[in-house]
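Colleague: Could you walk me through this one before I set anything up?
Modeller: Gladly; here it is.

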Amino acid sequence: MAFAIEEINRDPALLPNITLGYRLYDNCVNLAGTFQAATALISGVGDTFTDYSCTGTPPVLGIVGDPVSTNSISISRMLGLFNVPLVSHGATCSCLSNRKEFPSFFRTIPSDAFQVKAMIQIIKHYGWTWVGAIASDDDYGQYAVKTFIDQANVFGCIAFSEILPSVSTTAQIIKIVETIKQTTARVIVVFSSGACFAPLAREIVHQNIRDRQWIGSEGWTTSTAIFTVEMFSSFGGTIGIAIRRGEITGLKEFLLQVRPVLDSNNNLINQFWEEMFNCKFQSKTISSNSSELVKSRICTGSEDIKSTQTAYSDMSGLRTSYNVYKAVFALAHSLQHLISCESGKGPFENNSCANITHVQPWQLLQYMKTVNFTIHNGDRVSFDENGDVPAIYDVMNWQRADDGSMKIETIGLFDESAPAGQELTLKEDKIFWQFDSNTPPRSVCSESCLPGTRKAARKGEPLCCFDCIPCAEGEISNYTDSTECVKCPPDFWSNPRRDQCVMKDIEFLSYKEPLGICLTTVSLIGSCVSSTVLAVFIYYRNTPVVKANNSELSFLLLLSLILCFLCSLLFIGQPLHLTCMLRHIVFGISFVLCISCILVKTIVVIMAFKATLPDNNVMKWFGAAQQRGTVFCFTVIQVVICIIWLSTASPVPFKNTKYQNSKIIFQCTIGSITGFSCLFGYIGLLASVCFLLAFLARNLPDNFNEAKFITFSMLIFCAVWIAFIPAYVSSPGKFSDAVEIFAILASSFGLLIAIFAPKCYIILLHPEKNTKKALMRRAQLLSPNL
């Protein structure tokens, strides 16, 4: 401060013909001392008053200080009543930005609101969402930690928050240390002065707590009370916020001009000199005993202070001192603007200007609000509407130097005036991390939930503590830390990782799969066997066995069986509108034609036997024409049922997404349950009648009778289709079509084998039995049994 004022007084451009003076008071690091000093500055130190009108120039126009937030808050309330400008170089509490409560307060150090913002930027940069907080029990610590918690809760959580008493006991320190040891947070933020934090820091080192990343406020990051070699084991790698370092040209030379003085009212310099050179002035040694006199070296006052290398002469870390320097210049420039006021253009009543010989603090305060200047090193100084300067911080890192000593390295910069998102710049390659991997630690309560999972909060714990629950089938989450899973569209399904919706597999009975190939093969074999039997019957159509079994109906039955085998192919392959309509129609008509032929053959067998009885000529009423007509009529009824079914509710292709969520079952709808029931019911009715008649005629002579074979074939037919019903209902997807195809093939083979196998056996293997004589002899042998 003294250097800045002397520099101003020597500058002919700044406050010409005006000499600034100053008074220095010690706040004694307590509030009472601060109040006493502030009161003395604004009222004077004399005990008597001669000017009771309270006119004239006050003792001081502005005050530089106090460096402590709590003290500044208290005296600012008093100074604000008198509009005395107070420019602090160290009070950072964000509460002091309240212009209504502190109208005359300014500061050359950034507010804690910006310091907190810088810390938040660092924490967000490294993805630390689970942090602890420790704050001193004063306005500086409590206001800062409150702001920090509010901002940290936006993107993360506070693992714990502890208050560090200004005068702490061992029990209180141990309690905080236990909290630090038990927490899972690896990053801890501390808002405190160095002196207040030192007892806790020493205990942390004593208990050898090393696996923590410390984030320091400007109050202790560069504090000599903490920054010692002993602290490095636990606090190495600390990242802290520091006030912007500045350069003050000529300050070192000014400080090295100090010399001892013989002034009983000011012995501070003499004490400093004795400490610096480890000696005693003679006036003190005289009053001491002889032993002390021998041990103590006499101070001469001519010792060479320029040859010393101490913190006193170290100009590498001018931070607080630089703020004092700027505070003095801010007051000086405000006074310069005041005296430069042009008459009629002033800021006061009637555009008047202040009188320099009777200037008042409230007049200087008016100019302080608009001060804006650049000091010698190029830094600009100005105050916003809250009395705050633009926030610029150095980001510091505790490191070990090559010689084993400790050093604080500047690793970045926080400039609040930079464009959004660019306020923080870090030199990652210069950062020292005191961890085995020399990489930033992880500090999260729960690891991020990967895509395919969602966050589920743990009951009674902060939001940052959660479990990762896999998305259910049919739901996905495609970004990290998703809070919910999204359902896939109807035609889509979640992939195995649950992070993407993919098209559902379309399932139908395909010709390419093994089941489809087998059924297709069996169907074609059945149609080929039926065609072969038809060819045999056509070739041997004039033989007695073929004639005796009504060759025309046999030919028609074999044709219908070929259709029955081939209609099963309509149930294989991707359902189309045409195949959906044809599959049951062709099936229904083919089987009705088949059963009609068998039914007529059964009737013919019965009537043929009746015709052999005396005086019975029933066959003339049921000749070939009547047989063809009967088959035609039975078949037409089924055709009519099919036409009505197709015209009312035709079967169509349908994508079933409800039966199986992960697949689309491509199938044909029934359309009309009534039509479907009538089609199957009519086939069942004809089959039942045919089975009943064949069963009643099963004991007729074999040579003239197919009733036994028809009975057996219809027994197979009915058994297959009765078993088909529950199997069809319980089979999922394509297997329902496979069940129906199996029923078609099984019943068709049953009819083919039961009815035509015995005849082909005689025709092909025993042609000697395929004669009229053999058939007549067999009839004569069996006739007595009738």
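Colleague: What kind of model is it, and how are residues numbered?
Modeller: This is a predicted model, in which local features need pLDDT of at least 70 and side-chain atom pairs count only at pLDDT 80 or more, while totals for chains, interfaces and linings use all residues. Residues are numbered from 1 along each chain as its sequence is written, and side-chain values use heavy atoms, with hydrogens and water left out.

Colleague: How many helices and strands are there?
Modeller: The protein has 23 helices and 22 strands, taken as DSSP runs (H or I of at least four residues for helices, E of at least two for strands) and numbered from the N terminus.

Colleague: Is the protein a compact globule or more spread out?
Modeller: It is more spread out than a compact globule, because its radius of gyration is 54 Å, well over the 28 Å that the globule rule gives for 786 residues; the radius is taken over C-alpha atoms, and the rule is 2.2 Å times the number of residues to the power 0.38. The C-alpha trace spans about 170 × 75 × 40 Å along the principal axes.

Colleague: What share of the residues is buried?
Modeller: Buried residues are 46% of the 786, where buried means under 20% relative accessible area, exposed over 50% and partly exposed in between, with a 1.4 Å probe and protein chains only.

Colleague: Which residues have the most contacts inside the largest nonpolar core?
Modeller: That core has 62 residues, and those with the most contacts inside it are Phe537, Phe587, Ile598, Met714, Phe717, Trp721 and Phe756; a nonpolar core is a set of buried Ala, Val, Leu, Ile, Met, Phe, Trp, Tyr and Cys residues joined through side-chain atoms within 4.5 Å. Elements giving two or more residues to this core include helix H18 (577-611) and helix H21 (707-730). A second, separate core of 38 residues includes Leu14, Phe106, Tyr367 and Met368.

Colleague: Changing topic, where is the cis peptide bond?
Modeller: It joins Gly65 and Asp66, with omega about -15 degrees, and Asp66 is found in the loop between strand E1 (63-64) and helix H3 (69-82). Most peptide bonds are trans, and most residues other than glycine have a negative phi.

Colleague: And what is the phi of Asn17?
Modeller: Asn17 has a positive phi of about 65 degrees although it is not a glycine, and at 85% relative accessibility Asn17 counts as exposed.
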